[in-house]
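Dear colleague,

Please find below the structure that I am passing to you. My notes on what was found in it follow directly after.

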Amino acid sequence: MSALSVSGLSVRFGTHEVLRDVALDVAPSERVVLFGPSGVGKTVMLRAIAGLEPNARGRVLLQGRDVSDAAPEARHIGVAFQNFALYPHMSARENIASPLRAQKRDAAEIARRVDAVAELLRIGHVLDHAPRALSNGQKQRTALARALVGEPRLILFDDPLRNVDAKLRYEMRIELPRLLAARETASVYVTQDFREAMAMGERVAVLLDGTIVQCAPAAEVYDNPATIAVARLFGDPPMNLIPARGVAAGGGCRVNVAGLAFGFAAASPAEPVFGVRPEAVTLHDVGSPGRVPARVLAVTPMNERQIVLLRLADGTELVASEAAAPAATELHVGIAPGAGTLFDAASGLAVATSPVAEEVSA
Amino acid sequence: MPVHDRSLRLLRGAALTLIVLFFMFPIFWIAVMSLQTNSQILSLPPKLVFSPTLSNYIALITGRLSTSVGQLNIAFMHNLFNSFLLSSCSVVLALILGVPAAYAFARFKFRLGEDMAFTLLSLKFAPPLLVLLPLSLEFQQIGLDNTYAGLIWIYQLITLPLILWIVRGYFEDVSPDIENAYRVDGHSWFRGFVKIAIPLAGPGIAAAGLLSFIFAWNNFIFALVLASGSKQPVTVGALAFVTASGIQYGQIAAAVVLSIIPTFAIALYAQRWLVEGLSLGAVKG
């Protein structure tokens, strides 16, 4: 039985339809990331799951229990808000104890469980402080402790690491999945940072234009984005998207991209676009079949990698991600075997993956 | 630039002194007057050195006013009690009605909501005389004329709009996420209202309550028309000092001092609530 099953979820504010017939399934103790650009409705979807969105229509099932019409207090889920949403007039201890107080646990049990979760999140020493006396990181951990302490089967995270510093963000990216796995808690995690999505999610659901356009393991979203829009959003630097020419060949098609040729096992769309990740672009000193000459326009370091902007002979610009900056400015470019996705520019959808490099014919 | 700083500080000090003098002098002078006899007050030039007398206060507290033509009974202490009863009951009623209403206006968008809120505010613009004549006739008919209940009801015209609009602003400043978080924790909506919304708007509720208490206390015209004799507050009761044998300045001054004390004491007490910024550091935007 799914920890969470959303179907037919629509949210409309006046004439503006934010979510349109969205469906999402989260297995028990699975971590799903809801990824999308800002303003796309990720938070709205989370609020709808929590029962905080009065404009939501559709079905929400928690462990098979239909809670579509249930009030937020009757859903028994944990929520970590982006702005922490701590109760300013209560100590950190009382903040964390709130879900247990609602469950009418006795004082000894509350004290024991608050201490345990505070210990886990390393905020035991600040439990008696008011929220305003806590650092951002401690506020964050207090909010997480509050979401965890009631041991809900599902926790919703609304971009909880947006407001904390980079160091803490990296710590939490490692810590949170471990914590959730240990407690066998399912989670939906909202973020607009693809690195966070890769780190936090077993599956990534990409929300675009009011609907989930792709829901797949993070690596698959990265390697094989379902649409051109996903390819543009997911990844930094984003996927190279190069207009191509296609002709029918055998059972599939043959696509010419800036002097290179690839065979795909699908019919060619009218306006083919060839997509390739910067990591799959290879640089060589010597030319050979399957490589084209290129010129280095700029090199930018980024997280241990060198981002190389190249211009091919026909004017196409291409981004490569390399371990080291290339020595020469004139070199030859190839594509790693099997890398590349064929998109249809008209529909925006991916048509085929795993191309076979072919000899360029005149 | 220390020289610049010092001259600036001196200027600021001078300006503050001037302002304090301007506002405090009348109060100081009233206090001085309340310790003088009528003839001392009316002497020219006014004397700053005099032997103070408590006769004015004694007259007020015992309720016996001696004038040149004889003894006069006044009910000043009873007026003071009326003022206290009317103002505090009005504020309590306005808080009971106004705080939930302010919350509704702050949190929910509903049809005609803004119009309703504005209509309530407009009660503060309307000249009281506009409603007083029909009101006094109606009150006579339904038997609310010259009753505490009737006056407290009419005082809502003063206190309710004030509380509604001030407290609404404070509720709007409380992030809805804080209340949402409390509900997600498993608490009912009403519990969240009592345990989260009201404490966080506390300073605002205290300020609004205090202000409307002062406004109710200072009201003159409603009580003048709708109350007589035993139900009059101090503002109307002070008219008794305008007697056939002249105006009793000393007693008026003493009455003013006595009637300032309750509001002054409440303001001092409420001050710590007013300055307490409870909401600080709760939400990271």
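Axes here are lines fitted to C-alpha atoms, for helices over the stretch in contact, and angles run from 0 to 180 degrees between N-to-C directions. Helices (H or I, at least four residues) and strands (E, at least two) are DSSP runs, numbered from the N terminus. This is a predicted model, in which local features need pLDDT of at least 70, side-chain atom pairs count only at pLDDT 80 or more, and totals for chains, interfaces and linings use all residues. Residues are numbered from 1 along each chain as its sequence is written, chains are lettered from A and ligands numbered from 1 in the order in which they are written, and side-chain values use heavy atoms, with hydrogens and water left out.

**Helix packing in chain B**

Helices α8 (residues 176–184) and α9 (residues 189–200) of chain B pack with their axes 9 Å apart, at an angle of about 145°. On the side of α8(B), the contact (heavy atoms within 4.5 Å) involves Ile178(B), Glu179(B), Tyr182(B) and Arg183(B). Among the residues that α9(B) contributes are Trp189(B), Arg191(B) and Leu200(B). By class, this contact has six nonpolar, one polar and four charged residues; Ala, Val, Leu, Ile, Met, Phe, Trp, Tyr, Cys and Pro count as nonpolar, Asp, Glu, Lys and Arg as charged, and the others, Gly among them, as polar.

**The largest pocket**

On a 1 Å grid over the protein atoms alone, a cavity is a set of points where a 1.4 Å probe fits but cannot get out, and a pocket is an open set with protein on both sides within 12 Å along at least five of seven lines; lining residues have an atom within 4 Å of a point. Grid points are joined across faces, edges and corners, and a volume is the space filled by probe spheres set on the points.

The largest pocket holds about 590 Å³ of space. Of its 20 lining residues, Leu52(A), Pro54(A), Arg107(B), Phe108(B) and Asn180(B) lie nearest the centre. Helix α8(B) gives the largest share of this lining, four residues. The lining comprises 10 nonpolar, four polar and six charged residues.

**The largest cavity**

One cavity of 30 Å³ or more is counted, and the largest cavity contains about 60 Å³ of space. Its lining includes Ile242(A), Phe262(A), Phe274(A) and Ile335(A). Strands β14 (260–264) and β20 (330–335) of chain A each supply at least two lining residues. The lining of this cavity has 11 nonpolar residues, no polar and no charged.

Yours sincerely
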